[in-house]
Amino acid sequence: MLSVLVSRAPAGARLAIARPADPSASAIVVVELGGRPSASLPVPGEAGGYELRLTGDRDGAPAILLRQPVATTPAEATLAAPDRVARGRDFPARGIGPNGIHDRVVLVEPDAPAEALEPSFFPAENVEARLEAPDKPGRYELRYLMNAPVSGLRILARRPVTVE
């Protein structure tokens, strides 16, 4: 998340993140300021050069009032959990990464699709939680899933966990 403070924004102003060459009516993320002096925007999940824009309407069309370059770096995450856990029992898990509002730490079978979401927790709310191990013994995988603009859903980190 990118937190932005804006002083003296005009009524109806918006904050946006866009590619520098995008026209004023195009953006990856847009947040209405609604009279607030600050807002937080999710940044793109792909590393690269973007532009933070303050936009408003001129003659019924979006117009860029101010712009500032923003560079994003590759997203990384780390996971921690016991190597072995008892089936059906709670165990501690930790996921540190971009901590976007849609990011998750999830325990799944190793061949599960990225969309598999249970059991899980949101690291943006708390980087450490207790997950319940499945009743079925076997090999599992703890994953950090990032879900950000541009990149979409992507597995950033994996850690093997054996359920006994």
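Visitor: Which residue in β5 does alanine 16 stand opposite?

Guide: This is a predicted model. As a general idea, the strands of a sheet pair through backbone hydrogen bonds, either parallel or antiparallel. In this structure, alanine 16 stands opposite arginine 53 in β5. The strands concerned are β2, residues 14-18, and β5, residues 48-58, which run antiparallel and are joined by five bridges.

Visitor: In which sense do β5 and β6 pair, parallel or antiparallel, and over how many bridges?

Guide: β5 pairs with β6, residues 61-72, in the antiparallel sense, and the pairing extends over 11 bridges. Within β6, valine 70 is the residue opposite tyrosine 50. The hairpin of β5 and β6 has two residues between the strands, and aspartate 59 there takes a positive phi near 55°.

Visitor: In what order do the strands β7, β9 and β12 lie in their sheet?

Guide: These three strands form an open sheet with the order β7-β9-β12, and the pairing is antiparallel. β7 (78-80) and β12 (128-132) each have a single partner strand and stand at the edges, so one side of each is left without a neighbour in the sheet. From one strand to the next, the twist averages 30°.

Visitor: How many bridges join β9 to β12?

Guide: Strand β9, residues 90-96, is joined to β12 by five bridges, and the two run antiparallel.

Visitor: Which residues have the most contacts inside the largest nonpolar core?

Guide: The general idea is that, in soluble globular proteins, nonpolar side chains tend to be buried together. In this model, the largest nonpolar core has 20 residues, and those with the most contacts inside it are Phe91, Leu107, Leu131, Leu142 and Tyr144. Two or more residues of this core come from each of β9, β10 (104-108), β13 (138-148) and β14 (152-163). Of the elements, β13 gives the most, with five residues. Another core lies apart from it and has 14 residues, including Val4, Ile17, Leu33 and Val70.

Visitor: Where is proline 44 placed, and is proline 44 buried or exposed?

Guide: Proline 44 is in the loop between β4 (38-41) and β5. Residues under 20% relative accessible area are called buried. Proline 44 has 5% relative accessibility and therefore counts as buried. Leaving aside neighbours within four places in sequence, proline 44 is in contact with Ile17, Ile28, Tyr50, Thr72, Ala148, Pro149 and Val150.

Visitor: How many residues apart in sequence are proline 44 and serine 151?

Guide: They are 107 residues apart in sequence, yet 6.8 Å apart in space, C-alpha to C-alpha. Serine 151 is in the loop between β13 and β14. With 17% relative accessibility, serine 151 also counts as buried. Not counting residues up to four places away in sequence, serine 151 touches Gly45, Glu46 and Met146.

Visitor: Which element gives the most to the lining of the largest pocket?

Guide: That element is β13, with three residues. About 250 Å³ of space lies in this pocket. It is lined by 17 residues, and the closest to its centre are Met1, Val43, Pro98, Met146 and Ala148.

How values were computed
Residues are numbered from 1 along each chain as its sequence is written. This is a predicted model: local features need pLDDT of at least 70, side-chain atom pairs count only at pLDDT 80 or more; totals for chains, interfaces and linings use all residues. Side-chain values use heavy atoms; hydrogens and water are left out. Two strands pair if DSSP finds at least two bridges between them. Helices (H or I, at least four residues) and strands (E, at least two) are DSSP runs, numbered from the N terminus. Axes are lines fitted to C-alpha atoms, for helices over the stretch in contact, and angles run from 0 to 180 degrees between N-to-C directions. A nonpolar core is a set of buried Ala, Val, Leu, Ile, Met, Phe, Trp, Tyr and Cys residues joined through side-chain atoms within 4.5 Å. Buried means under 20% relative accessible area, exposed over 50%, partly exposed in between (1.4 Å probe, protein chains only). Contact means heavy atoms within 4.5 Å. On a 1 Å grid over the protein atoms alone, a cavity is a set of points where a 1.4 Å probe fits but cannot get out, and a pocket is an open set with protein on both sides within 12 Å along at least five of seven lines; lining residues have an atom within 4 Å of a point. Grid points are joined across faces, edges and corners, and a volume is the space filled by probe spheres set on the points.
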